[in-house]
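Have a look first, then read on.

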Amino acid sequence: MNPFRRSPFVLTATMLVYAFLYLPIIVLVLYSFNASRTNVVFTGFIPKFADKVLSDGSNVVQSPCGPFHWFCELAKNTDVTSAAKNTLTIAFIATVVSTVVGTMAALALQRFNFKLKPFSQLSLYIPIVIPEIVMGIGILTLFSQLFGFLNNVLNLNGDARLTLGLGTVIVSHITFMIPFVTLVVQARLQGFEKAYEEAAMDLGANEWITFQRITFPMILPGVLSGALLAFTLSLDDFVITFFTNGPGSTTLPIYVYGLLRRIITPQVNALSTVWITIVFLAVLMLQLIQNREQK
Amino acid sequence: MLKRLRENKSAQGTLLILPTLVFMVGLLIIPLLLTLVVSFGQRSPDGNVIYSFSFNNYVRLLGYGTDCSSGASACFDPLYAQIMWGSLVLGFNTTVLVILLAYPLAYFIARAHPKRRNTYLFLVLIPLWTNFVIRVYAWMMLLRQEGVINIVLGWFAGLLHIPFTPLNMLYTPGAVLVGMVYEFLPFMILPIYTSLEKIDNSLYEAAADLGANSIRTLLRVTLPLSMPGVVAGTILVFIPVMGTFIVSDILGGRQVILVGNLIQRQFLDARDPTFGSAVSLILMILTLIVTYFYTRKFGFGEEIVVA
């Protein structure tokens, strides 16, 4: 019997599900090249490259960027560029911190015994088993009550007042990312024997040298995939960011959500296309790391 | 002191976990406790919290109101219970549909040639990591009156010379269901794949040798052994569906109100954080109860880690 034999039912169902997954994305990308300004119907590609943007009714007929007109408009849109800057700043800082903190936690839980272990394990499971909105509004309540109290007590006025902003988004992201990093690194630590570390210690290496020469190189692939996972989680996050952002800390998902409730131009599609391309490259990198790990 | 730390393994462990605990306690456990405290409070006229100890918000959630339109002193309107129930039903429907769609695909990948599995998985990950909001937007483009689905249907109708009026699909409960299924499908595919992939080929061979046909093999071998994946996937799908408000907001218009929308509106439009906190706590308890009984019945697989 051929172990890779497929029933026609499974094959058909698979193709339909893949189509279901990809059709919306293909439409999204196609519409980012739409000549129509209103973006309701796809009226064709923008045909010509030219010095100036020229429209015929609601259709763009020529642009310095040709079919890529909306991507150029996107790059000029300062709301988008500042949202992109915020998104990347938040994701970068939150990833670095949560990766370090989460890896430390994984080491603690996998290699040590201590009094707070059961409590720590439980608290790391909470963000996974409660709806994100519960965590989001909890943090919002904490910050609004705390900031209200501090602003009152310290008599802060004007710009000195504590408000929601980049800082609150970053610490919230770190909190929900730590459990995921810990889980990934823990899985990696489970995979290899403590014996290697014990052998190093027997041969006279101290804890730090053992960590540097044995433990860290062995868990590095796990740490890297944990970091990449954390980074993508941060980029993707909407709910927690929605409740913890303030003036000047709008991220791309929040910005897009705001647009969807008002007017939609092909710029939103261009933004989506850029996003999908970046995700594609990031996931490809993750796969390559994992493939190398398996070899 | 450094020397003492070196010998004390327990202290080393505590030191390593300490930063994690700072975040978990400060930004998870304290906020949850605060939510509990606030839920017993009352709303001040300017939308702030007056700390008190009353069950008003919970009574209101059950449907008993004190500010009635008819002028009566108390009235009963099960609106909030209906929203809770509606969300549970949607969570259930979404989960069932997602399992039905995810299973064949996961099975296909798990039984594919090992060299190709990574490519097929890669194809599942791309939509998963494409931003949540962007994916909702994609469905908006497909479902609206002048959207792609109506254009295609109209084209077919034209070919067959059938009169065609564009369907109203956006801003309906159906649109929300489709959006939810689309959003959460990858979260089911990955864990089911992980548990299917672990099944040893010899088990299928044994089943075939013993004369089981493919349906019997599916029911007696494949399905039972893949249950941990289905359980993990259900948790990953059901919990977020209950708390999501973007899908219903964008694809449901004002037609579909879920628990998530209710909570969001209390914090933003209605400015009643005390009632919002009460709803949020009930949502958390509801999902924890469902998860507890579900996992107690079927076990809590390690598959949850994979996704």
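## Ground rules

This is a predicted model, so to speak of local features pLDDT has to be at least 70, and side-chain atom pairs count only at pLDDT 80 or more, while totals for chains, interfaces and linings use all residues. Residues are numbered from 1 along each chain as its sequence is written, chains are lettered from A and ligands numbered from 1 in the order in which they are written, and side-chain values use heavy atoms, with hydrogens and water left out.

## Where the chains meet

Counting contact as heavy atoms within 4.5 Å, 90 residues of chain A and 93 residues of chain B take part. The buried area between them is about 8500 Å², and carbon and sulfur atoms give 77% of that. Buried area here is the accessible area (1.4 Å probe) that two parts lose on being put together, summed over both.

How many salt bridges cross the interface of chain A and chain B? The rule finds zero, a salt bridge being a side-chain nitrogen of Lys or Arg within 4 Å of a carboxyl oxygen of Asp or Glu. On the side of chain A that touches chain B, helix α1 (residues 8-31) gives the most, with 14 residues. That side divides into 69 nonpolar, 17 polar and four charged residues. Nonpolar covers Ala, Val, Leu, Ile, Met, Phe, Trp, Tyr, Cys and Pro; charged covers Asp, Glu, Lys and Arg; the others, Gly among them, are polar. Helices (H or I, at least four residues) and strands (E, at least two) are DSSP runs, numbered from the N terminus.

Chain A has an open sheet of three strands in the order β1-β3-β2, with mixed pairing; two strands pair if DSSP finds at least two bridges between them. β1 (48-49) and β2 (54-56) of chain A stand at the edges with a single partner strand each, so one side of each has no neighbour in the sheet. β1(A) pairs with β3 (residues 59-63) of chain A in the parallel sense, over two bridges.

## Salt bridges within the chains

Over all chains the count is five salt bridges. A:E73 and A:K76 form one of them, with the closest N and O atoms 3.3 Å apart. Both lie in helix α2 (residues 69-76) of chain A, three residues apart.

In chain B, B:R135 bridges to B:E183 at 3.4 Å. This pair links distant parts of the chain, with B:R135 in helix α6 (residues 132-143) and B:E183 in helix α8, 48 residues apart. B:R135 is buried at 3% relative accessibility, and B:E183 is buried at 1%; buried means under 20% relative accessible area, exposed over 50%, partly exposed in between (1.4 Å probe, protein chains only).
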